[in-house]
Amino acid sequence: MSSKAAATLLGILTIALYSGLGMAAADPYQLNLQAPQSIIARETYDQHMMLLWICLAIFIGVFGVMLYSLLNHRKSLGYKAANFHHSTTVEIIWTVIPFIILIVMAYPATKTVIAMKDTSNPDITVKVTGYQWQWGYDYLVGEGAGISFISRMSTPQAQIYNTEPKGEHYLLEVDNPMVVPVGKKIRVLLTANDVIHAWWMPVFAVKQDAIPGFIRDVWFTADKVGTYRGQCTELCGKDHGFMPIVVEVVEPAQYAQWVAKQKAQSAKAVVDVNKVFTLDELKTEGEKVYAGNCVACHQANGQGIPGTFAALDGSKIANGPKAEHINIVLNGGKAGTAMAAYKHLSDVEIAAVVTYERNAWGNTAGDVVQPSEINAFRK
Amino acid sequence: MAAVHDDHAHGHGHEHEHHGPPSGIMRWLTTTNHKDIGTMYLWFSFAMFLSGGVMALTIRAELFQPGLQLVAPEFFNQLTTMHGLVMVFGAIMPAFVGFANWQIPMMIGAPDMAFARMNNWSFWLLPPAAMLLMASFFVPGGAGAGGWTFYPPLSVQMGMGMDMMIFAVHILGASSIMGSINIITTILNMRAPGMSLMKMPMFVWTWLITAYLLVLVMPVLAGTVTMLLTDRHFGTNFFNAAGGGDPIMFQHVFWFFGHPEVYIMILPAFGIISEILPTFSRKPLFGYSSMVYATASIAILSCTVWAHHMFTVGMPVTAQLFFMYATMLIAVPTGVKIFNWTATMWQGSMTFETPMLFAIGFLFLFTIGGFSGVVCAVVPVDIQVQETYYVIAHFHYVLVSGALFALFAGAYYWLPKWTGHMYDESLGKWHFWMSMVFFNVTFFVQHFLGLAGMPRRVPDYALQFADFNMISSIGAFGFGFSQLIFLAVVLKCIRGGKKAEARVWEGGTSLEWTLPSPAPYHTWETPPVIK
């Protein structure tokens, strides 16, 4: 027991000393919180260190006494047991002292909690929506208002299934990162489309559940330019482990450029809903939409996962009337099934993916669903 | 563990005729004997412990390296869910009820539990519930995969495995409530003459308080899962915002059950430790009455802290502060307990048999779990560690090296009384040291993983987490296989070994040590008188 106690004490000391160093994010032996990049994260980091030191001091105190006792008050050394069994004074002292220590711990935490909740006067407001299993970003107010995109993990399946070497940012990389200017107060509104997700950005000490049907808000102001990574932290189903969050913090000038580029792209992407596409155009586009949204459950071969996720190949809906097919993609499956609603996709995307599903694998419905039909269906 | 001989007829010399219990399977199906039922509870929980352990090892095998190797993500989620449920409801809770059955009547001088037939029924509800849980792996869609907390709306998406889980929880809850009523009635009404409440052994006290907690919160859990069931199948919208409900309400109601539940799993452990430390220190428990008050305070406070599991759902600032302060307050009575135990050992005359080793291991590691509990109570820090491996490390320090170590300590402590034989001391010590070392290898590094940013309930992780995950997996396999030593010790002890004396341990002072070993099938038909 005694040697074990000593070894663990030594271990804890080492950890406490090391943790002050604030190592880089990708250090395989990182022992502590990631280096903070916002005022709230710094306060959190400092409070965690304070807690650690206080706990260590108490640990050494209590287990020092116990260790002494374990070493000396042994029957094998001929030690005779004393017979005391209470002392009101001592018991009052060791009830009051922890109470005082707790007040010391709670005071700075209270100040931080109040500061965390102050989402007033933001420079930019972004709505973040959790989907199974990707994040949607809508810039609502401030520079960049109107920008809207979906952010998905960009790590290829081949890396996950070990047929390709894993990249540096394995599982922590996305196609479209959230971009924000440095030093500006960003208010993040969180909600979800299907189940509860949680948006965690460790370097800003922001973690907030995204709850379907409700909106919550949090804020951060980034200290430094850089690319920061986080993940979904509320179990949200099969691909919970595969919906990373990337925030790129850039200089204001660079941010303005990014905004201009996004605006130009979305202007180009606006399509007349009445445009008529050919079957092949829709199938090609649909395959991409399918790969981004549907493949996780229904699989690339359309077979689904028996018992869990329905097969589309040969399914009644994909080979039946169009309306039912469009309805399930737009509005989701029956209550009690995992099929989410995809209302947030554009008319073109829905039309394309429905057309693709009706004409891929063994499905030969042969019909084409045009964006105008989706548009009409939504009304 | 079976004390088969019905020898009280010789021992007591009553006039009326006694029949021995039926033999074979009927003995176990129809028994109303608290010792038989205790034995069944203990074997049941050990079987569930091994099943839950296999699930844990499958999880750790998948996490041995980054990438997906062994199991698909949806099956991984089923494993984490079922591991939690099986360990909490199948292993830890029934094991403590097993101890209660064996020990409470013997320690308070009662002939049996108050409601002997209900006792039989409480146990025999467990196997069907366990079968429902295990069978859910094989139904379409597999077992529930929403975590052991099964938050909606995710749990509304699941297949029929979730319904089986809901029914299993209902049955387990009914069993717990019946067991608790039995324990409360036994303790309040069947103590030997002269044993006032403040003379009861600490184990009995902690179980009395635990039983009240169970009666308070188990119906809440039953209500919660019923609402979930009607949301799933009957069109209600308790937890569906689109129908006017609130998914967060589920969490409030669940944790109103869930937080007292963690104390339900640790208070009887405190009781066992409070029996063992004085025995092997050959010195009375320090601060008996403050121990009782501390236990009661912990139980009451535990009903006011539930939302500290929900600091990231976005509560108002006043709620966050209230739950932070209330949670930190629990550290005070818990601290009192640790100090009292230390003072019990101080100037004792200690020996270090296996029960004592596990008790000291408990003190040491439970305190670490308590410290990380204080860290988690502080809202800003908790927001960083919520739903990460830090929390996994924290609650395994309190539930494995807390509750489970106390169960092992208690098993070694009372095995000689139950079987009439001494267990193999050197195998017991091997079990302790292997468990101690591998437990820390498994879980200590998980603190680092959580702080550095690894979320829990993920089947795969970023490359910077690879080394610690590998260490943790190695530790988990070591810990898992070490538990087979325990099985060997118990089997060996049942079959034979050195004959145990009545007072197995020199320092044992409670009533069970005045009974012969093995304890006769019926004990205390004439209650002892306590002076």
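Where in chain B does B:Pro153 lie? B:Pro153 sits in the loop between α6 and α7 (154-157) of chain B. Helices here are DSSP runs of H or I with at least four residues, strands are runs of E with at least two, and both are numbered from the N terminus. A cis peptide bond joins B:Pro152 to B:Pro153, with omega at about 5°.

This is a predicted model: local features need pLDDT of at least 70, side-chain atom pairs count only at pLDDT 80 or more, and totals for chains, interfaces and linings use all residues. Residues are numbered from 1 along each chain as its sequence is written, while chains are lettered from A and ligands numbered from 1 in the order in which they are written.

Start with chain A. Chain A has 11 helices and 10 strands. Its radius of gyration is 28 Å, well over the 21 Å that the globule rule gives for 379 residues, so chain A is more spread out than a compact globule. That radius is taken over C-alpha atoms, and the rule is 2.2 Å times the number of residues to the power 0.38. Along the principal axes, the C-alpha atoms of chain A fill a box of roughly 95 × 50 × 40 Å. Of the 379 residues, 37% count as buried. Buried means 20 or more other C-beta atoms within 10 Å of the residue's own, exposed means 12 or fewer, and partly exposed lies in between; the C-beta atoms are placed from the backbone.

A:Leu171 has phi near 70°, a positive value in a residue other than glycine. A:Leu171 is in the loop between α4 (157-160) and β4 (178-181) of chain A. A:Leu171 is buried, with 25 other C-beta atoms within 10 Å.

Now the interface. In all, 85 residues of chain B are in contact with 87 residues of chain A. Contact means that the C-beta atoms, placed from the backbone, lie within 7 Å. Helix α13 (residues 331-345) gives the most to the chain B side, with 8 residues. By class, that side has 51 nonpolar, 26 polar and 8 charged residues. Nonpolar covers Ala, Val, Leu, Ile, Met, Phe, Trp, Tyr, Cys and Pro; charged covers Asp, Glu, Lys and Arg; the others, Gly among them, are polar.

B:Val378 reaches across. B:Val378 is in the loop between α14 (354-377) and α15 (379-385) of chain B. Beyond its neighbours within four places in sequence, B:Val378 is in contact with A:Gln47, A:Leu51, A:Met105, A:Ala109 and B:Met324. B:Val378 counts as buried, with 29 C-beta neighbours inside 10 Å.

B:Ile330 lies in the loop between α12 (317-329) and α13 of chain B. Leaving aside neighbours within four places in sequence, its contacts are B:Ile298, B:Leu301, B:Ser302 and B:Val305. B:Ile330 is buried, with 23 other C-beta atoms within 10 Å.

Return to α6. Helices α6 (residues 126-135) and α8 (residues 160-189) of chain B pack at an angle of about 160°, with their axes 9 Å apart. That makes α6(B) roughly antiparallel to α8(B). The residues of this contact divide into 12 nonpolar, 1 polar and no charged.

Finish after α18 (466-495) of chain B, in the segment that holds B:Pro518. A cis peptide bond joins B:Ser517 and B:Pro518, with omega about -5°.

Notes:
Contact = placed C-beta atoms within 7 Å. Axes fitted to C-alpha atoms, helices over the stretch in contact; angles between N-to-C directions. Parallel < 35°, antiparallel > 145°, perpendicular 65-115°, else oblique.
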